[in-house]
Amino acid sequence: MHPELLIIATLFFAIFVQSLIGFGSGLIAMPILAAALTLKVASPFFSLVALGMELTMLARYRAEFRLDSVWRLMLTIVIGIPLGIYGARLIDERVMLFLLGVIVSGYGVYGLVSPRLPNLEGRGWPFGMGLLSGLLTGAYNTGGPPLVIYATSQRWQPQEFKANMQSMFIVSSFTLIIGNLVGGHYTPLVLRYVAFGLPFALLGMFVGFKLERYVHPAVFRKGVLVLLVVLGLTLIF
């Protein structure tokens, strides 16, 4: 496939998925964009595109946003991202992604076969999950799974899930963008890709918003768990 067509298709589908169920764009887009553009270009490119989508989604669901539910996660996300940027130079990426895939897919399978997911109670869980998300965001721009695992365990309703998730993604994106600015990664090539790809990302978001009204909450929950399994297996293999 021609690189420009691959970028269009990837951005459209990744943003469509996130606008429909609230997460997944980074894990879908980053492996493809990194292979097509290199990670050094893909990460700053997608972080700018994702931030625009996340701000729009949070504005759409702002009435359902609950800061008291996510501030601990936000705090440790900010702490974890610089550590992830540094740690990516020291830890084997294959090992880290394999272990993450086992956890994510295992949790998704358990949720699909169990009548009730365990509620991750206690103040330590959001701090730990936020830190892990920050580490993965800093290293690979794929920090969604720990946040999804925690959010799913809290049994937030679909719109609350989407609002809270976007708020955490916004914190991640802003922190990562600052890191990319400091590192001088926003080159003319990266900005050209942003200008080229943003309209197709907006189109994917628009289509997702149009279809979300047809998604039943029970189907939404199952869809989240199935996607966890798929994403986990993708990371493993």
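Colleague: How many salt bridges does the structure hold?
Modeller: In this predicted model, E212 pairs with R60, the closest N and O atoms being 2.7 Å apart. The side chain of E212 also meets that of K162 in a salt bridge, at 2.6 Å from N to O. For the structure, the count of salt bridges is 2.

Colleague: How far apart in sequence are the parts that the pair of E212 and R60 ties together?
Modeller: E212 forms a salt bridge with R60. Because E212 lies in the loop between α9 (188–211) and α10 (217–236), while R60 belongs to helix α3 (residues 39–60), the pair ties together parts whose separation in sequence is 152 residues.

Colleague: Is E212 buried or exposed?
Modeller: The cut-off for a buried residue is a relative accessible area under 20%. The relative accessibility of E212 is 14%, so E212 counts as buried.

Colleague: Which residues does Y61 touch, not counting residues up to four places away in sequence?
Modeller: Y61 sits in the loop between α3 and α4 (67–87), and because its relative accessibility is 3%, Y61 counts as buried. The C-alpha atom of Y61 is separated by 8.9 Å from that of N164, although the two residues are 103 residues apart along the chain. Leaving out residues up to four places away in sequence, Y61 touches S19, Q159, K162, A163, F209 and E212.

Colleague: Which residues lie nearest the centre of the largest cavity?
Modeller: A search of the whole structure finds 1 cavity of 30 Å³ or more, and the volume of the largest cavity is about 230 Å³. At least two residues of its lining come from each of α2 (25–37), α3, α6 (124–140), α7 (144–153) and α8, and the lining divides into 9 nonpolar, 13 polar and 1 charged. Of the 23 residues that line the largest cavity, those nearest its centre are G26, N141, G143, G144 and F169.

Colleague: Which residues lie nearest the centre of the largest pocket?
Modeller: The largest pocket has a volume of about 410 Å³, and α3, α6 and α8 are the elements that give two or more residues to its lining. By residue class, the lining of the largest pocket divides into 7 nonpolar, 8 polar and 2 charged. Of the 17 residues that line the largest pocket, those nearest its centre are L39, I85, G138, A139 and H185.

Colleague: Which element gives the largest share of the largest nonpolar core?
Modeller: The largest nonpolar core has 69 residues, of which F23, L33, F45, F46, F161, M165 and M168 touch the most other members. The largest share of this core amounts to 10 residues, and the element that gives them is α3.

Colleague: With which residues is L33 in contact, leaving aside its neighbours within four places in sequence?
Modeller: L33 is one of the residues that touch the most other members of the largest nonpolar core. With neighbours within four places in sequence left aside, the contacts of L33 are I7, T10, L11, T38, A42, F45 and F46.

Colleague: How many residues of α7 are buried?
Modeller: The buried residues in α7 include G144, P145, P146, L147 and V148, and also I149, Y150, A151, T152 and S153. The helix is mostly covered, and its count of buried residues is 10 of 10.

Colleague: What is the phi of R155?
Modeller: R155 follows α7 and lies in the loop between α7 and α8, where R155 is partly exposed, with a relative accessible area of 30%. Although R155 is not a glycine, its phi is positive, at about 55°.

Note on methods:
Residues numbered from 1 in each chain as written. Predicted model: local features only at pLDDT ≥ 70, side-chain atom pairs only at ≥ 80, totals over all residues. Heavy atoms only, no water. Salt bridge = Lys/Arg side-chain N within 4 Å of Asp/Glu carboxyl O. Helix = DSSP H or I, 4+ residues; strand = E, 2+ residues; numbered from the N terminus. Buried < 20%, exposed > 50% of the residue type's maximum accessible area, 1.4 Å probe, protein only. 1 Å grid on protein atoms, 1.4 Å probe; cavity = no way out; pocket = protein on both sides within 12 Å on 5 of 7 lines; lining within 4 Å. Points joined across faces, edges and corners; volume = space filled by probe spheres on them. Nonpolar A, V, L, I, M, F, W, Y, C, P; charged D, E, K, R; others polar. Core = buried A, V, L, I, M, F, W, Y, C linked by side-chain atoms within 4.5 Å. Contact = heavy atoms within 4.5 Å.
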